[in-house]
Amino acid sequence: ATSRERNATQVALEKEFAEMDKGDPIGATSAGCQCDPKVRCGLQGRSFTWCRIGGGHCPLLRSSSMELRDPSGADHHLYKVGVPYPASTALPHRSGAVWDYCAAKP
């Protein structure tokens with residue numbers, strides 16, 4: 001493929017990803033939760049679609065589930081922005097919110 005063809009492919013992919021980030025969620029998330037109504041289901045800088053969880057009725061928000069990771073090992077907590085990561089092995093401060101995988105409307 002020529003440089004021009006690669007650039008056209010890259011532009012097409014970026015356009016497709018931008019459209020995916022505008023998506024309203026389709027149904028429940030993978031853990032049976034609902035996306036926060038103030039956010040979108042989209043890539044949001046990742047290679048998968050996700051959203052912040054809202055509504056308070058979600059298995060991910062149960063205290064017994066708060067330390068669990070999903071089958072891929074991902075931590076579903078969201079962390080506070082602007083809090084410097086400590087030089088120690090301590091984790092950054094949790095925001096109290098969680099995220100989950102979602103599917104966006106095409």
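Reader: In which sense do S1 and S2 pair, and over how many bridges?
Author: Strands of a sheet pair through backbone hydrogen bonds, either parallel or antiparallel. Here, in a predicted model, S1 and S2 pair in the antiparallel sense over 2 bridges. Two strands pair if DSSP finds at least two bridges between them. Strands themselves are DSSP runs of E, at least two residues long, and helices are runs of H or I, at least four; both are numbered from the N terminus. Gln 34 has Gly 54, in S2, as its bridge partner.

Reader: What is the strand order of the open sheet?
Author: The open sheet has 4 strands in the order S1-S2-S4-S3, with antiparallel pairing. S1 and strand S3 (77-79) are the edge strands, each pairing on one side only.

Reader: How should I read the numbering and the confidence limits?
Author: Residues are numbered from 1 along each chain as its sequence is written, and side-chain values use heavy atoms, with hydrogens and water left out. As the model is predicted, local features need pLDDT of at least 70 and side-chain atom pairs count only at pLDDT 80 or more, while totals for chains, interfaces and linings use all residues.

Reader: Where is confidence lowest, and where highest?
Author: pLDDT is the predictor's confidence in each residue, from 0 to 100. Where pLDDT is low, the predicted coordinates should not be read in detail. The protein chain has a mean of 75, and 68% of its residues reach 70 or more. Helix H1 (residues 3-20) is lowest, at a mean of 70, and S1 is highest, at 86.

Reader: How many disulfides are there?
Author: A disulfide is a covalent bond between the sulfur atoms of two cysteines. The rule used is a pair of cysteine sulfur atoms within 2.5 Å. By this rule there are 2 disulfides. One joins Cys 35 to Cys 51, S to S 2.0 Å. Cys 35 is in strand S1 and Cys 51 in strand S2, so this pair ties together parts 16 residues apart in sequence. The S-S torsion of Cys 35 and Cys 51 is about -80°, so this disulfide is left-handed. Cys 35 is buried at 9% relative accessibility, and Cys 51 is buried at 0%. Buried means under 20% relative accessible area, exposed over 50%, partly exposed in between, with a 1.4 Å probe and protein chains only.

Reader: Which cysteines does the other disulfide join?
Author: Cys 41 is joined to Cys 102, S to S 2.1 Å. Cys 41 lies in the loop between S1 and S2, and Cys 102 in the segment after strand S4 (94-101), so the pair ties together parts 61 residues apart in sequence. The torsion about the S-S bond of Cys 41 and Cys 102 is about 105°, so the disulfide is right-handed. Cys 41 and Cys 102 are both buried.

Reader: How many aromatic pairs does a search of the whole structure find?
Author: A pair of aromatic rings is described by the distance of the centres and the angle of the planes. Rings of Phe, Tyr and Trp (its six-membered ring) pair if their centres lie within 6.5 Å; planes under 30 degrees apart are stacked, over 60 edge-to-face, the rest tilted. The search finds 4 aromatic pairs. Among them, Phe 48 and Trp 99 are stacked, 5.6 Å centre to centre with 25° between the planes. Phe 48 is in the loop between S1 and S2 and Trp 99 in strand S4, 51 residues apart. Phe 48 is partly exposed at 28%, whereas Trp 99 is buried at 7%.
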